[in-house]
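Student: I have a model open and would like to learn how to read it. Could you walk me through it, one feature at a time?

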Amino acid sequence: MLIQRSPNGIELPYSSEITPRAVFESRRGFIKQLALGSISSAALLEMAARDAHAQGGGNPKLPAKLNPAYSAMDKQTPYKDATTYNNFYEFGTDKSEPAQNAHTLRTHPWTVTIEGEVKKPMTLDLDALLKLAPLEERIYRLRCVEGWSMVIPWTGYSLSEIIKKVEPTSNAKYVEFISLADKSQMPGVGSRVLNWPYVEGLRIDEANHPLTLLTLGMYGETLANQNGAPVRIVTPWKYGFKSAKSIVKIRFVKEQPRTSWSLSAPNEYGFYSNVNPDVDHPRWSQGSERRIGEDGFLSRKRKTLMFNGYSDVAPMYAGMDLKKYY
Ligand code: MTE
């Protein structure tokens, strides 16, 4: 914890860690209700969501109703950690660089073109994306392939809502997500660290799975630039790199897409990249993880769960050798 000193020498917690009065008071009332047994788990989640929003980032508000069926009960990662410890190589490879550099990203106007093996190709602007389906808040765990994880309240709707509208043809076996790659806005795009644009992909059934979130917000606000504004994908049962940020194109294709990470190191990053504690990365174990925001010498590593705990997705991989299709 960062400590600051008051003028009289008493140590104060870092200002963002002081619980705002309104939050503290609503929490007190909440604990009373909890003791009386008059509160449901949905209300518990609503409370957790409000708590996190109180830490907000000052971006425009994006209100949405919490979907408890798709939300994790884990303690949420503080907004500050979720927006200062990022992977967004278009803005630098150091975890702190996206927060420092992503202010140059122009998120308005923005369009997403949906094309390829579809009967109704379309280009949607942000307004159209926001209105396409009711926005929901979902608290997802995100596990990075590097061995750390976060718990973030995202705002969006299932990608399947868009898939329904464009009507894929029977040739559409995979979906490709293509991020913006504009050197004038993204200083990292000049580097050779990855193939640009950043490309990710899913099999069509994975893209249609209700957990796959077309994401427009976080913590009750629009997305922070460093987290992939104005629109990204989140697939919580896969390693974080499958969740492409700042996407401009969604393409329905016949063949398995050649994704940026699997092109750069095919033996390390497979196409599927489902969170799997039994399949180690060639250079490190995937059996446990460090929860960002819980660092410190007393904090223990957590066990990583198969599919990051999202066991609903298991039937999609029935009969597949997940060591081969890592
Ligand atoms: N998308 C793009 N376009 N560029 C990237 O470098 N990094 C990925 C993924 N999406 C990345 C990206 C990786 S490695 C991770 S772990 C997650 O974004 C991190 O998302 P977060 O910063 O919102 O936690």
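**Reading the ligand site, sheet and core**

Tutor: Let's start at the ligand: a backbone N or O atom of S243 lies 2.8 Å from one of its nitrogen atoms. With the protein around it, 99% of the 530 Å² that the ligand exposes when taken alone is buried. Keep in mind that this is a predicted model.

Student: Which residues come nearest to the ligand?

Tutor: There are 17 residues around the ligand, and the nearest are N86, Y89, E90, R232 and K245. N86 places a polar side-chain atom 2.8 Å from a ligand oxygen, while Y89 has a backbone N or O atom 2.7 Å from an oxygen atom of the ligand.

Student: Now the strands. Which residue of strand 5 is the bridge partner of T113?

Tutor: To read pairing, follow the bridges and the direction of each strand. T113 is partnered by T123 in strand 5. Strand 4 (residues 111-116) and strand 5 (residues 122-125) run antiparallel, joined by four bridges, and they make a hairpin with five residues between them. T113 also has a bridge partner in strand 13, namely K249. There the pairing of strand 4 with strand 13 (residues 247-253) is parallel, again over four bridges.

Student: And how many residues does the largest nonpolar core have?

Tutor: In soluble globular proteins, nonpolar side chains tend to be buried together. Here the largest nonpolar core has 76 residues, with L129 and F252 making the most contacts inside it. Strand 7 (residues 148-158) supplies the largest share, five residues. Leaving aside residues up to four places away in sequence, L129 touches V112, L124, Y157, I162, L214, L216 and V231.

Methods:
Residues are numbered from 1 along each chain as its sequence is written. This is a predicted model: local features need pLDDT of at least 70, side-chain atom pairs count only at pLDDT 80 or more; totals for chains, interfaces and linings use all residues. Side-chain values use heavy atoms; hydrogens and water are left out. Two strands pair if DSSP finds at least two bridges between them. Helices (H or I, at least four residues) and strands (E, at least two) are DSSP runs, numbered from the N terminus. A nonpolar core is a set of buried Ala, Val, Leu, Ile, Met, Phe, Trp, Tyr and Cys residues joined through side-chain atoms within 4.5 Å. Buried means under 20% relative accessible area, exposed over 50%, partly exposed in between (1.4 Å probe, protein chains only). Contact means heavy atoms within 4.5 Å. A residue is near a molecule or strand if one of its heavy atoms lies within 4 Å of it. A polar contact is a pair of N or O atoms within 3.5 Å; within protein, one must be able to donate a hydrogen and the other to accept it, and residues adjacent in sequence count only if both atoms are side-chain atoms. Accessible areas come from the Shrake-Rupley method with a 1.4 Å probe; for residues, only the protein chains shown count as cover.
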